[in-house]
Amino acid sequence: MAKKVALTGNEAVALAMKQINPDVVAAYPITPQTDIVQYFSSFVADGQVDTEFVTVESEHSAMSATVGASAAGARAMTATSSQGLALMWEVLYIAAGSRLPIVMPMVNRALSAPINIHCDHSDSMGARDSGWIQIYSENAQEAYDNVLQAIRIAEHPDVQLPVMVCYDGFIISHGMETLEVMDDDPVKKFVGAYRPEHALLDVDHPYTMGPLALQDFYFESRRQMADAMEHSPKVILDVAKEYAKLSGREYSLFETYKLDDAEIAIVVLSSAAGTARPVIDDLRKKGIKAGMLKPRVFRPFPAAEMAKALSHVKVVGVLDRADSLAGHGGPLFNEVRSALYELPGKRPVVTGYIFGLGGRDFTPENVDGILADLKQTADTGKYANLVTYVGIRE
Amino acid sequence: MATLKELSATPDVLGPGHRLCAGCMAPTVVRQILHATKHPVVVGNATGCLEVSTTIYPYTAWRSPWIHNAFENAAATTSGVEAAYRSLKRQGKIDKDIRFVVFGGDGGTYDIGFQSLSGAMERGHKMVYVCYDNGAYMNTGTQRSSATPMGADTTTSPVGKVVPGKPMHRKDLTAIMAAHNIAYVAQASPSHYNDLIAKAEKAFEADGSAFINVLATCPRGWRVPAEMSVEILRLAVETHYWPLFEVDHGTWKITYKPREVKPVVEFLKAQGRFRHLFTKGNEHIVEEIQRYVDQGWAELEAKAEWSKQKKEAAAAGTAS
């Protein structure tokens, strides 16, 4: 039986981890992820999980120990934010290159300097090419649902890649909301038992994990990762279908909102989509055909599907909670714009907006301003700036 | 302990055909250590010569499960492997009795991997961490490490017109690991293989974390002929440059006392990396190295004596 509960995002994710009951969790506390580590420690202390909890001395060791545990044949998890992810950097690539199905909740927070504990996507966006699947969650419900599905996606034989489940620091991690959670048994059945093909602890079948591969083999190993990434959308959708049967909640590669007949649309990740929805409703009441596309899966990037969904839109505004500092917009902007290039004939005009860095409030008024901007571009065919910084003192 | 003849008949976990240099003591250290347990082992390896030369894909010299993650995280990685073992064993998913061993060079142990090692030892993971200390980053071409002895000529502490090699002494990592109060700590040398294997046996059966620091010749870095590798190590022990001792649950014990202590000059003179120390004007460096070695031995004797007295006092206390 599913039940409605009031939980913070971190509580919801910690509950998902408890229900997954991983063999090993190795984690290091960092704001705003800290609650997860604390809640999980209490599950261990109360004997509610079978997990061996490794209280490592850094995030670098958190990811390293998680890699060791996963290679050993255990279902292994960790969780982090911001500087913690940055410290894990080296090992993120090793986890993916070693094809270890690690699942990591990633509570988005700005990167130093200056040091800042609040939400933006600089941390996970920097890791977008590390070989991890990245799933972004709008709220606690999605974070909970995505963590459960991530186990099945990561461990699928056609994928075998690590997955990070991102959600917004403080806004979601510490905000209390009502969500529906499942009982332990159906979750246990859904995630199933982990049966790795190779395990270090299977001492009768020794294998060498993490060898040196030079000019003659390295390239093929990377190509295989790319191949797994290309195969993963099917798995992600299959898992979502199965999860929908269980939970009644449907997930895809992205979510569209009033997009079918939209003339102008925004593309935005995570909690900001929740801010935008009522603004779109208001514009619709005024007869303005506004819509939204909220990517759920950023890696693999569903370029073809997204281009198709946006093909009829006149002007697309892509909102990034991270800046590439390349002088050419944020990462989501560049990906979406590149995806639309494949469209035949007249393509939508695409402009970029950078917002909310370091936890700067992102208000309905900001969304309204962006949509007014897009409307003007739709009417005139012109825009003032390719990339605009929103809600900032300039 | 098994005899040499018996040991030679036991199978090697590290097979032949790897690409380490002739005279490199790293594979000798590995073989001697792994002869000390009959249990299946899972081997962790820090990035370094041993790792790159034994696992060139699609080949591997390892007959046991083996994992390399990165340079600085071998201890953390094996923490995870060992945690997985405890978890799966507790859940009844594994019934075998497995041992965990890590091999890292002095770069991966004294320096870049020090935090990871310290954390893993403090947490008490049941693993044997073995440092094969050849006193520099040999894999990248002999750059100095914090294990490099004073005066050594390396590519980042080169002998120049005004600097005569590495200016400072090496870090005493074995003592630092003893300060972690783990189950077993030892310093050993493959030249004294009985001593080394006996220590490894204790380490594998210790009721917690164990650390063994093993001196390992690098013929290229030390600039000695390959066939001299073991002889140089013997000199290191007999000059007190590399004392053989253990710290078993806090009890310090010198496990080998040379009958006749040789001056450290004999160890230094045998190696090209110290050649410049014997030119005019550098006498004070040799004197300082001798002073440092003498001081180290005196301190070690004092610790061993303190342990002995503590033990006797405890025994007397029990008796009365």
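In this short talk I will go through a predicted model with two chains, taking each chain by itself and then the place where they touch.

Before the details, a word on conventions: residues are numbered from 1 along each chain as its sequence is written, while chains are lettered from A and ligands numbered from 1 in the order in which they are written. Since the model is predicted, local features need pLDDT of at least 70 and side-chain atom pairs count only at pLDDT 80 or more, whereas totals for chains, interfaces and linings use all residues.

Let me start with chain A, which has 12 helices and 16 strands, where helices (H or I, at least four residues) and strands (E, at least two) are DSSP runs numbered from the N terminus. Its radius of gyration is 21 Å, close to the 21 Å that the globule rule gives for 394 residues, so chain A is as compact as a globular protein of that length; the radius is taken over C-alpha atoms, and the rule is 2.2 Å times the number of residues to the power 0.38. Along the principal axes, the C-alpha trace of chain A spans about 70 × 55 × 45 Å. Of the 394 residues in chain A, 56% are buried, a word that here requires 20 or more other C-beta atoms within 10 Å of the residue's own, with 12 or fewer making a residue exposed, anything in between partly exposed, and the C-beta atoms placed from the backbone.

Chain A is divided into domain 1 (3-247) and domain 2 (254-389), with bounds that come from an automatic or database domain assignment. The C-alpha centres of these two domains of chain A lie 28 Å apart, and their contact takes 28 residues from domain 1 and 20 residues from domain 2, two residues being in contact if their C-beta atoms, placed from the backbone, lie within 7 Å. On the domain 1 side, the elements that give two or more residues are α5 (122-126), β6 (133-137), β7 (163-168) and α8 (218-247) of chain A. That side divides into 15 nonpolar, eight polar and five charged residues; Ala, Val, Leu, Ile, Met, Phe, Trp, Tyr, Cys and Pro count as nonpolar, Asp, Glu, Lys and Arg as charged, and the others, Gly among them, as polar.

Now please find the open sheet of six strands in chain A, which has the order β10-β12-β11-β14-β15-β16 and mixed pairing, where two strands pair if DSSP finds at least two bridges between them. Which strands stand at the edges? They are β10 (254-257) and β16 (387-389) of chain A, each with a single partner strand, so one side of each is left without a neighbour in the sheet. The twist averages 20° from one strand to the next. Strand β15 (residues 349-354) of chain A pairs with β16(A) in the parallel sense over three bridges, and A:Gly352 stands opposite A:Val387 in β16(A). Across β10, β11 (264-268), β12 (290-295) and β14 (315-320) of chain A lies helix α10 (residues 303-310) of chain A, which runs at about 175° to β12(A); axes are lines fitted to C-alpha atoms, for helices over the stretch in contact, and angles run from 0 to 180 degrees between N-to-C directions.

Turning to chain B, we find 12 helices and eight strands. Chain B has a radius of gyration of 20 Å, which agrees with the value near 20 Å for a compact globule with 320 residues, and 52% of its 320 residues count as buried. In helix α6 (residues 114-123) of chain B, the buried residues include B:Ser116, B:Leu117 and B:Met121, and just after α6(B) the residue B:Gly124 takes a positive phi of about 80°.

One residue to look at is B:Tyr241, in the loop between α10 (229-238) and β7 (244-248) of chain B. Is B:Tyr241 buried or exposed? With 22 C-beta neighbours inside 10 Å, B:Tyr241 counts as buried. Not counting residues up to four places away in sequence, B:Tyr241 touches B:Ala236, B:Val264, B:Phe267 and B:Val293.

Finally, the two chains together: the contact takes 39 residues from chain A and 39 residues from chain B. On the chain A side, the largest share, 10 residues, comes from α3(A), and by class this side has 23 nonpolar, 11 polar and five charged residues. Two bridges also join β9(A) to strand β2 (residues 66-68) of chain B, and these strands run parallel, with B:Trp66 in β2(B) as the bridge partner of A:Thr208.
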